[in-house]
Amino acid sequence: MRYLAFIFGLLGFLQGCNTSTCDSLKAHAQGCDGVDIRYVDREQALCGSMRQELTPEVFDPFASCINASDCSDNEAIKSCQETHVTAANDNPCLQYKLWSTACGLEPTGTEDNCRNASDGLTSDTFTAWVECMTGPGCPTSSDNRYSECQKYIVPTSVTDALEACGLIMDWTEQCEGQTSGYLAVDAQDIGTCLLQTDVFTAASLLVYGTCLQDVACDDLALRLDCMAKLRFVDRSPAQDACGTLIQYATTCDVNLGFSGSAEICERVLATFTDASLEAYTECITSEQCRQPDLETCQSLLVLKSN
């Protein structure tokens, strides 16, 4: 019995060491204004699994190194890792898990060599994302690195286009029934907006969406000024169609609703399918210099979302 009591006592002591090591890391991170962590059972905690995976002989000196570091030392985790866990120096998943543990975090997707966290990413992209996330030390309550590091997973062009579509749709919704003339984008959801605007560069689309925010719903002139800021990715079929239309309008002295501006014409028609553009152009120019029936011709235009 005395022997069994000794064994159970020893197990309790060892478990206490494990608990103490992990708790001290969390306490250190939180004492440095670290972000709050989500609750997990101790058996599922990343710290405990890391200590078991690396062995206490490797992990505990790493933890002690972290706990001895100053809050302002953003290089501490990397330095402690390079000194005490050399296996992580060329292993981005292990680096990510060590950083998370040092910061008292419990991220998802770290199982099976970070398979879920890196799913769909090349090894270089995942490595760049890990470096971005772990570089500035532990995240604080005012940290924006999560959105900043998204650029390694989602290209900036995509995030710019998404933000632009959000701005455009908000303005369109607020101005429903109050606008006149053409809209560069006529979309009720993000997917439709992205489909209609893929002919424009994401950067210019964001400029356009931002510009709209200062335009009154009934101010057509300022809206057209914003539209002029859109830039095409490549030469658009709308450019060729508008060349024909503007020449027809000038030669025949007819009004097509574009104020004689080829740029505005191109930006308006760019959101329609190539086939419907061809049909629309043919409808307009087949009138042999008579004012065309704009309503009939416009009905032939089909948005790319349809």
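Me: What should I know before reading it?
Reply: Residues are numbered from 1 along each chain as its sequence is written, and side-chain values use heavy atoms, without hydrogens and water. In this predicted model local features need pLDDT of at least 70, side-chain atom pairs count only at pLDDT 80 or more, and totals for chains, interfaces and linings use all residues.

Me: What's the average pLDDT of the chain?
Reply: 79, and 84% of the residues score at least 70. pLDDT is the predictor's confidence in each residue, from 0 to 100.

Me: Where does pLDDT stay under 50?
Reply: Over residues 1-17. The model has 1 contact (heavy atoms within 4.5 Å) beyond four places in sequence for them.

Me: New topic. How many disulfides?
Reply: The structure holds 10. A disulfide here is a pair of cysteine sulfur atoms within 2.5 Å.

Me: What does Cys65 pair with?
Reply: Cys80, with the sulfur atoms 2.0 Å apart. Cys65 lies in helix α3 and Cys80 in helix α4 (residues 76-84), so the pair ties together parts 15 residues apart in sequence. Helices are DSSP runs (H or I, at least four residues), numbered from the N terminus.

Me: Is Cys80 buried or exposed?
Reply: Buried, with a relative accessible area of 2%. Cys65 is partly exposed at 25%. Buried means under 20% relative accessible area, exposed over 50%, partly exposed in between (1.4 Å probe, protein chains only).

Me: And what does Cys103 bond to?
Reply: Cys138, sulfur atoms 2.1 Å apart. The S-S torsion is about -90 degrees, so that disulfide is left-handed.

How values were computed: Helices (H or I, at least four residues) and strands (E, at least two) are DSSP runs, numbered from the N terminus.
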